[in-house]
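Hello,

Here is the structure I promised to pass on to you. My notes follow just below it.

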Amino acid sequence: MQFVSYSFLLFLAVVFIIYYLVPGRFQWMVLLVASYVFYLFSGPKYLIYIMVTTFTTWLAARQIDKLKKQQADYLEENKKTLSREDKKSYKSAIKKKQRFMMLAALLFNLGILAVVKYTNFAISNINAVINLAGGQPIEFVSLILPLGISFYTFRALSYLIDVYRNTISAEKNVFKFALFVSFFPQLIQGPISRYSQLESGLFTSHHLNLKRVSFGLQRILWGYMKKMVIADRIVVGLTTMTADTAAYRGAYVLVEVFFYAIQLYADFSGGLDMAIGAGQIFGVTLPENFERPFFSKSIKEYWNRWHMTMGSWFTDYIFYPISVCKPMLNLSKWSRTHLGPVLGRRLTVYLSSFAVWLATGIWHGASWNFVFWGLSNYVVIMISQELEPLYRRFHQKFNVDGSLLYKVFQIVRTFLLMGFLRIYDCFDGVITTWRMVGSLLTTGNWNILWDGSLMQIGLSMTDYIILAAGILLMFIVSMSQRSGSVREKIHAKPYTVRFVIWTALFLAVLLTGAYGIGYDASNFIYNQF
Amino acid sequence: MDELMEFLEDLHPDIDYETCDTLIDDGILDSFDIISIISEVADMFDVTISAEYIVPENFNSAQALYDLITYLEDEG
Amino acid sequence: MKKKLMSLMLVVMVCIVSLAACGGGDDKGNGGNDSQGGGSAANNSSDNASASGYSFEYKGTSISVNTDIDPIVEKIGEPSSKFEAPSCAGQGTDFIYTYSGFEIDTSPFENITNAIAAIIIVSDEVETPEGITIGSTKEDVEAAYGTDYTESNGMMTYQKGDMKLNILIKNNAVDSIQYVSNTLS
Amino acid sequence: MKHIRILRRRILRFTVSAIVICLLLFLLQRLLMPKYSVGTQDGAMIAEYYNDAPKHNLVIIGDSEMYENISPLVLWENYGINCYIRGSAQQLIWQSYYLLEDTLRYETPEAVIINITSMQYGEPQRESYNRMTLEGMRWSTSKVKAIFASMTEEESFWDYVFPLLRYHSRWNDLTEDDFRLMFSEEKVSLNGYMMQVGVKPAENVPEGRPLADYTFSDVSYQYLDKITKLCKEHDVELILMKSPSLYPYWYEEWDAQLKTYAAEHEIRYLNCVNNDEIGLNFQTDTFDGGLHLNVAGAEIYSNFLGRWLQNEIEISDLRDDGELVQAWNSKAADYEEKKSEKYRELSEQ
């Protein structure tokens, strides 16, 4: 079930009514049933996957928790008799068992993810090698990719690792845990929430709070506006251009960079607005995933503000563990003594970051495009990290720090850099992408920007006007957001003003949204992750 | 403690570590800094701060960090 | 204990994966190399061009269904007659171009005003590039196009790309040859 | 006390807001829906039926081969048949069935003519045609069932319930007519007849290409059965008819199936293709080269049809009904006016 569909609105309404009719202690069950119904609509075949992931992680976490308790009991019982050494060895034995449980569940679920998502990628690479050797290529296998598998797997694994790390205790009720994994607003495209963030929201009872519900609806409406008015409209032009790499080169690539940046943000953050808004309706606060990323002044900052729940997942569960594991610390020690303090201090960070960006790339899709895209980000971040002292000196010398103009320069620079990196998504291969970006310099068809050629890519003047208005609105809202919630600000206004604002937005989405026959009801970009 | 302070001052000379208790919340220390700290601590105190202890509460102030180190020394 | 658990997990995983394998097929675009997952709705153009169907040839010009007829008319000349069949209620106009030995039906399709919907061979004045014409035997057809066809009421149908080649057999002789678009008819 | 006042205020506020929004949506919907009477007129007749007094003794249901080929005025003036054509572009057989159901809710005519050209289509053809047929119907279970039977894959039921959702982007194409005709459309047809006056001789009409399978689809037969049954239940004389047209090709194999069907079910089947008795001349009587008849052809054909109905089913002559006479007098005037106007337009071109 797509968020942008009549059936979703109807579904939401029905769940809403039931949710607030049943007694508080049953509310979470309503959400669980609703979530499974929601997933069922997306394809009955998928259900088994999410159920297996849910059950295995729950079971492993339960075992880890039991071991924890066993250890506590044992230490308590034998408090007097045990020496420090005894305690230590007992603890490490328990830890070993816990680690085994954790790793087994982790590898099992990552294994499923890897197989369904990356088998054919692997086969195509093997075939490339076979081809060179002149052998018989392997046939691709036809696997189903369960909707949102990356998202729910990551969610389940964060829970597992958190239990292992003892930052949360395990959930006893498998059904409650199932709700955390499958909660429908975040099921297909995130956010990748943590158990500790959702626990209280999901499992406590909620009274109907009109303000909260209307705030939730407003957030959903805002998401629809981003998705339907902006993203689904601009994608028409983008598709026309990227589908024909022979005709649309040179300056068109620059247009594509802008279009894709806007489309990706409007589509993805719009979808997240809908998810968070839907959560809010049920009294569940989902973590934010974006914080005005296009206002970032550096790539590193951008990645702290874009797809934040994914970023923090990679930091917590890949970057830190790799950085602080024994071999890494040893390496760091060795390198500092042998390679000098400058390189020594950096080596481990560089290695762990490499792992993170490789993973980020692969996570985004099973193709070399994404691997290269992830690593390009890595390279850019590392270079800017190295240039940091240089910048600082430059700033001090010319005293530009804090000047508005310089900030704008930084923001534009970051936007363009990110845009060009992202363009990997749009083309059929790494080489094609490089060729297209290269054509920007060699083609010299800059006149297409103003000679009306941009009216020939499936977007009319009206479309451009609507896009401009929509983007401007998005910009104004972002600016206003810096000083606090926009919805709160509107809420403080008199009723008539509020009414006019929200009705106008509703009608704008209704009339200028790109939906229905004639528009391809396009999928959210992040669905298949 | 003094050794630790010295290292921290080195990392961000402009921060007053005596008073600041929002090193993480205000984004003063980023993930790279944290890794530097951890590897430094590993050398200085022979204490491994594993990933589970990398939470904002433990890194928000120099004192919190020092407390963590003492705790780990005891435990480990 | 550990080994057992591990192997149990492996077994379960294999089961799930094989389940996935059976389930595939009818899930459009979900299988396999979904670089589209990445992203872009912008990235769906590549697989259309895969298999093209059979083409007819006349005066050295290749004629395929689903393409614009105008450039073809420029090469092979005006038809001996042209019949106009407006769809009801102004929903575009179909045309039938008659040449000696064959005719071409067109319909509006996306941004092409006259896209070829079908090519029908009606007499033995012309033959297909594979050498089949009206009056050829069924064996000739099988020799030329292979045996991978479906048959119903004497109509042999070869599916290829976004078209089908229909060959009607009457009294063991080819009675009609039709190149028909799947999307346009 | 204060509490209640606040509550009352809130309820009032909510009610007013809801009303304002509904009103806005209603107005927008009226504005944005296409105005068939000034655009694609082929979509206007289904709705116009409800404005005519339900006293018809003949109802004709079908596509353009009905509403462009038969002149109800001729049937009235020469045979006293009060007829209405419930026609719409590319009407499918199940749509004909549901229109029949719909019609029987208002009246029970002596005879019903169904155009069976649509038997060849086993699945919905195009969204725009569905719209033209279904939008004009008044809401009833028949309409709901017709919608579900007709929808193409891309369509949604809600788009029919709230056409605003379907036409939301039409604000870009609004004309003065959309404002003028927001609440009432102009009348375009005469008892469902859409007059054409041009002449385009039929030339080079192609033969049909051989088909693999001539059997009508199961769905088509299923609805034909339903039509037959419904007419029997209401004691309505059912006539299956194929209009006289040269194209699209009407295969003998199709004709044979319908002959068999009619014989089995004891109903009448009137095939007018290549029927010399009618007296049509496809050099002068068609406006589009043999697909449909112009007004001259329609009048000739209607005379044939009237005679046939009198002879075959002895349909009653209603010319003694004063009200009808009066109504038809004014319709006749409209008809003649329209005809001369159309001929004038034609000569001016």
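First, a term used below: a residue is buried if 20 or more other C-beta atoms lie within 10 Å of its own, exposed if 12 or fewer, and partly exposed in between, with C-beta atoms placed from the backbone. This is a predicted model, in which local features need pLDDT of at least 70 and side-chain atom pairs count only at pLDDT 80 or more, while totals for chains, interfaces and linings use all residues. Residues are numbered from 1 along each chain as its sequence is written, and chains are lettered from A and ligands numbered from 1 in the order in which they are written.

Let me start with chain C. It has 3 helices and 10 strands; these are DSSP runs numbered from the N terminus (helices are H or I, at least four residues; strands are E, at least two). Of its 185 residues, 31% count as buried.

C:Ile120 has C:Gln178 in E10(C) as its bridge partner, and C:Ile119 stands opposite C:Tyr179. E5 (residues 102-109) of chain C is joined to E6(C) by 7 bridges, again antiparallel, and C:Asp105 is bridged to C:Ala118 in E6(C). E5(C) and E6(C) form a hairpin with 2 residues between them, and C:Glu110 in the turn has a positive phi of about 45 degrees. E6(C) is mostly covered, with 8 of its 10 residues buried.

Now for the backbone. Most residues other than glycine have a negative phi, and most peptide bonds are trans. Some exceptions in chains A and D:

- A cis peptide bond joins A:Gly190 and A:Pro191, with omega about 5 degrees.
- Another cis peptide bond joins D:Tyr247 and D:Pro248, with omega about -5 degrees.
- D:Asn191, not a glycine, has a positive phi of about 45 degrees. D:Asn191 counts as buried because it has 25 C-beta neighbours inside 10 Å.
- D:Asp235 has a positive phi near 55 degrees. D:Asp235 counts as exposed, because it has 8 C-beta neighbours inside 10 Å.

Best wishes

Terms used
Pairing = 2+ DSSP bridges.
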